[in-house]
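Here are my notes, meant to be read with the model open beside you. Take the points one at a time and find each residue as you go.

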Amino acid sequence: QIHSINDSQDSLDGDLMTCVSSVYRVAVLGSSGVGKSFLINQFTSSELLGTSQECSSDSDVDGVSITVVLDQQETVLQFMDKQEDVTAATDILPEAYMVVYSCTCRASFKAAVQICQHLKDNAQTDKSVILVANKVDLARRREVESDEGRKAAFGYECKYIETSAALGLNVDELLVGVLSQIKLNLNPEYL
Ligand code: GDP
Ligand code: MG
């Protein structure tokens, strides 16, 4: 089943339809400097990418589209990295939210918690939300312990994962996690 994508991609629609089955949007939220762009950039070099990746790459889109192959099924995930303000009105709601903070910056953790709260308050909890603690490679600069992150995620009923975009640690796992959550949400019998 083909999901609609935004107007700016009109010229791409035809190509996309010939090579993929589904397009899901993932909003990537969090304070500036926590590693959102780095993580997304790391996704584009993942081993899980499908062969038809060139079908969906377009620098004009305000997001990065990548084709992921999971369980022999191709899916396009479109990562939207431009909505720094979670409250900003968007025409199309994403299927999932990646809320990123840096474990080296407590303020970014607080901001992430606020974003989770906002998503909950706006009844968007039926969407998949993944709380991402990035920069775990900077162990000596850590300001937010794993337990705190995990507890916050538990409180908001979202998934929790620790990553290092710099080391490529858990980056594939995050990509698979996002896709699995979306699939699980759309079809509770998945898995
Ligand atoms: P954004 O503002 O959230 O998009 O953050 P960026 O992706 O631009 O990253 C901000 C800075 O943090 C850059 O200098 C990155 O190189 C650095 N950075 C991002 N992720 C990591 C990480 O996992 N470990 C380390 N050590 N640095 C990181
Ligand atoms: Mg960025």
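Leaving aside neighbours within four places in sequence, which residues is Val 99 in contact with?

1. Val 99 is in contact with Leu 29, Gly 30, Ala 112, Ile 115, Cys 116, Val 129, Leu 131 and Val 132, once neighbours within four places in sequence are left aside. Two residues are in contact if their C-beta atoms, placed from the backbone, lie within 7 Å.

2. Some ground rules before going on. This is a predicted model, where local features need pLDDT of at least 70 and side-chain atom pairs count only at pLDDT 80 or more, while totals for chains, interfaces and linings use all residues. Residues are numbered from 1 along each chain as its sequence is written, and chains are lettered from A and ligands numbered from 1 in the order in which they are written.

3. Now the overall layout. The chain has five helices and six strands, and from the N terminus they run α-β-α-β-β-β-α-β-α-β-α. Helices (H or I, at least four residues) and strands (E, at least two) are DSSP runs, numbered from the N terminus. Take contacts with a separation of 6 or more: 69% of them are between residues 24 or more positions apart.

4. What about the inside? Of the 191 residues, 41% count as buried. Buried means 20 or more other C-beta atoms within 10 Å of the residue's own, exposed means 12 or fewer, and partly exposed is in between, with C-beta atoms placed from the backbone. The largest nonpolar core has 49 residues, and Val 26, Met 98, Val 99, Val 100 and Cys 116 have the most contacts inside it. Such a core is a set of buried Ala, Val, Leu, Ile, Met, Phe, Trp, Tyr and Cys residues joined through C-beta atoms within 7 Å.

5. Find Ala 152 in helix α4 (residues 146-155). Ala 152 counts as buried because 22 other C-beta atoms lie within 10 Å. Not counting residues up to four places away in sequence, Ala 152 touches Val 113, Cys 116 and Leu 131.

6. Over to ligand 1. It is surrounded by 14 residues, the closest being Gly 35, Lys 36, Ser 37, Phe 38 and Ala 166; to be near it, a residue needs its C-beta atom, placed from the backbone, within 6 Å. Helix α2 (residues 36-43) gives the most to this shell, with three residues. By type, the shell has five nonpolar, six polar and three charged residues. Here Ala, Val, Leu, Ile, Met, Phe, Trp, Tyr, Cys and Pro count as nonpolar, Asp, Glu, Lys and Arg as charged, and the others, Gly among them, as polar.

7. Next, a hairpin. Strands β2 and β3 form it with two residues between them, and Asp 71 in the turn has a positive phi of about 55°. The two strands run antiparallel and are joined by seven bridges; for strands to pair, DSSP must find at least two bridges between them. Ser 65 stands opposite Gln 78 in β3. In β2 (residues 64-70), five of the seven residues are buried.

8. Most residues other than glycine have a negative phi. Glu 157, however, has a positive phi near 55°, and Asn 170 has one of about 65°. Glu 157 counts as exposed, because it has 10 C-beta neighbours inside 10 Å. Asn 170, in the loop between β6 and α5, has 19 such neighbours, so it counts as partly exposed.
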